Amino acid sequence: MVIGLSACASPAWVQGSRSPHTEEMSADQLGQTDFNRTLTIAMRDNLDSLTRLLEKLYRRNPTEWHKTGAPDLASAVREGRKAILTGQAPSGLGSLRDVEIMSVAMDPAYQGDRVGAFVFGMADMIIRAHNGKIRFYATDVVNAQHVYNSARNVEVASWLLATRRNAAGHPLLLANEASSEIANLSFEREFGQLVGRLDLVANLLDENLRRVGINYMQGLLLFNFLPVR
């Protein structure tokens, strides 16, 4: 119970953090290796990026958060993040998962909260690529190829966001904006950070498996003795 409560006490989403931030010491970290901590922090930062994307898209497309029934933008963002963490799919899409939800969200015929569905689908896809977990322990195994594939899916999602239009030729969702008067590429930066972290984790997963064998061989070659006092 202590481990569970400690995990729940982890710091909330740090909005717009401009410096490194970590978690306070908790009991569940005793079950994590250094590599598990790296995966956990990378996932935490990915969820933070997704939350920022959710808020940015709601701000650019206020009619979407109005569909949630939330009294204000902040409440809609909180509910969206809660849905991501609990795996509660948007209303009417409960039978779909990850990339299926992303596809529906960018279908011109979809009448629901397009922003919430789009970000939830992307988050669900990333979490499923990590075996459905957001915190990682010594017994966990994550497939590097699945994480790599999720990075490519994020790239596709970014492209869909920039190019998908309705019958009238208008963007389904407003995001990046570039003109002679204003340049807002913050969405592109968040997508780039997501892709960068996922690619790094995929490479680290492959390297971690390789190092297990190398470390074992080094131990045999160096004849490491065990301490007796």
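**Exercise 1.** Does D140 count as buried or exposed in this predicted model, and at what relative accessibility?

*Solution.* Begin with location: D140 belongs to the loop that runs between α6 (114-129) and α7 (144-163). Next, take the relative accessibility of D140, which is 19%. The cut-off for a buried residue is under 20%. D140 therefore counts as buried.

**Exercise 2.** Identify the polar partners of the D140 side chain.

*Solution.* Consider side chains first. A polar contact of 2.4 Å joins the side chain of D140 to the side chain of K133. Finally, set aside the neighbours of D140 within four places in sequence; the residues in contact with D140 are then K133 and R135.

**Exercise 3.** Determine how helix α2 (residues 34-60) is oriented against α6.

*Solution.* Two packed helices are described by the angle between their axes and by the distance between those axes. For α2 and α6, the angle is about 170° and the axes are 9 Å apart. Angles over 145 degrees count as roughly antiparallel, so α2 is roughly antiparallel to α6. The residues that meet can then be listed: α2 contributes M43, L47, L50, L53, L54, L57 and Y58, while α6 contributes V115, G116, F118, V119, M122, A123, I126 and I127.

**Exercise 4.** Locate the charged end of R152 relative to the ring of Y148.

*Solution.* The charged end of R152 sits over the Y148 ring, at 4.5 Å from the ring centre.

How values were computed
Residues are numbered from 1 along each chain as its sequence is written. This is a predicted model: local features need pLDDT of at least 70, side-chain atom pairs count only at pLDDT 80 or more; totals for chains, interfaces and linings use all residues. Side-chain values use heavy atoms; hydrogens and water are left out. A charge sits over a ring if NZ of Lys or CZ of Arg is within 6 Å of the ring centre and within 35 degrees of the ring normal. Helices (H or I, at least four residues) and strands (E, at least two) are DSSP runs, numbered from the N terminus. Buried means under 20% relative accessible area, exposed over 50%, partly exposed in between (1.4 Å probe, protein chains only). A polar contact is a pair of N or O atoms within 3.5 Å; within protein, one must be able to donate a hydrogen and the other to accept it, and residues adjacent in sequence count only if both atoms are side-chain atoms. Contact means heavy atoms within 4.5 Å. Axes are lines fitted to C-alpha atoms, for helices over the stretch in contact, and angles run from 0 to 180 degrees between N-to-C directions. Angles under 35 degrees count as roughly parallel, over 145 as roughly antiparallel, 65 to 115 as roughly perpendicular and the rest as oblique.
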